[in-house]
Amino acid sequence: MSELPLIAVTDSASCPRPLPEQIERLTKLTQQRPQAVILRAKDIDCAAYRSLAKNTKHLCTAAGLPLILHSDWQLARELGISRLHLPLALLRQMPTCERAPLAWLSTSVHSVDEALEAQGLGASVLIAGHIYATQCKAGLAPRGLRFLHEVCKAVQLPVYAIGGIGFDATQHAELRTQGARGACVMSAYMRV
């Protein structure tokens, strides 16, 4: 098991089976068990995401695994889910009163300026990337470990790295050395 806390990020595009089935597999992992699941499903409509979120909440609750919804703060409130990930553009639009009841409010950042802005907007966790080369960002150069270090140094929030991260202990040690509190893993968790 990794010493670096890992968050599973769902992605049906890199998943060889239906996403609900893969999420159920994640909740049953004993090795490489994630500390939480970010329910990201960009390729489905709002009604399908709502249904998936309800089912995933049930699975995660039964497994004692925190669920982090992606992008929809109204749905999080409706389902009583206190963890939410928002793209920075949505965090900028989120009413301040909606942020207060959240135990976890993460956002993605791609520069030190964005990290500082997100901290000022009330984010409680930053997800910085992409750190390593990844198929999800094919053709786009990774920002690298130096970028991760600069973000971690600039803010007082926990920073999780994302992008090209798997279950490699050497890679995890590199991320921790740069100040990362944890990492988000998408493709590797979609194939377990």
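This is a predicted model: local features need pLDDT of at least 70, side-chain atom pairs count only at pLDDT 80 or more; totals for chains, interfaces and linings use all residues.
Close-up A. Phe167 is partly exposed, at 28%. Why does Phe167 count as partly exposed? Because its relative accessible area of 28% falls between the 20% limit for buried and the 50% limit for exposed. The rings of Phe167 and Tyr189 make an edge-to-face pair, with 5.0 Å from centre to centre and 70° between the planes. This pair ties together distant parts of the chain: Phe167 sits in the loop between β7 and α8 (169-177), while Tyr189 belongs to helix α9 (residues 187-190), 22 residues apart.

Close-up B. The structure has two aromatic pairs.

**Close-up C. Strands β3, β4 and β5.** Strand β3 (residues 67-70) runs parallel to strand β4 (residues 83-86), and two bridges join the two strands. Look for His70, which has His85 of β4 opposite. To get from β3 to β4, the chain passes through helix α3 (residues 73-79), making a right-handed β-α-β crossover. On to the next pairing: β4 and β5 are parallel too, with four bridges between them. Which residue of β5 is the bridge partner of Leu84? That would be Leu105.

**Close-up D. Leu69 in the largest nonpolar core.** This core holds 55 residues, and the ones touching the most other members are Leu69, Leu84, Leu126, Leu148 and Leu175. Helix α2 (residues 46-63) is the top contributor, giving five residues. Zoom in on Leu69 and set aside its neighbours within four places in sequence: its contacts include Leu39, Tyr49, Ala53, Leu75 and Ala76. Also in contact with Leu69 are Ile81, Arg83, Leu84 and His85. Apart from this core lies another one, of 11 residues, including Ala36, Ile38, Trp104 and Cys184.

Notes
Residues are numbered from 1 along each chain as its sequence is written. Side-chain values use heavy atoms; hydrogens and water are left out. Rings of Phe, Tyr and Trp (its six-membered ring) pair if their centres lie within 6.5 Å; planes under 30 degrees apart count as stacked, over 60 as edge-to-face and the rest as tilted. Buried means under 20% relative accessible area, exposed over 50%, partly exposed in between (1.4 Å probe, protein chains only). Two strands pair if DSSP finds at least two bridges between them. A crossover is right-handed if, with the strands pointing away from the viewer, the path from the first strand over the helix to the second runs clockwise. A nonpolar core is a set of buried Ala, Val, Leu, Ile, Met, Phe, Trp, Tyr and Cys residues joined through side-chain atoms within 4.5 Å. Contact means heavy atoms within 4.5 Å.
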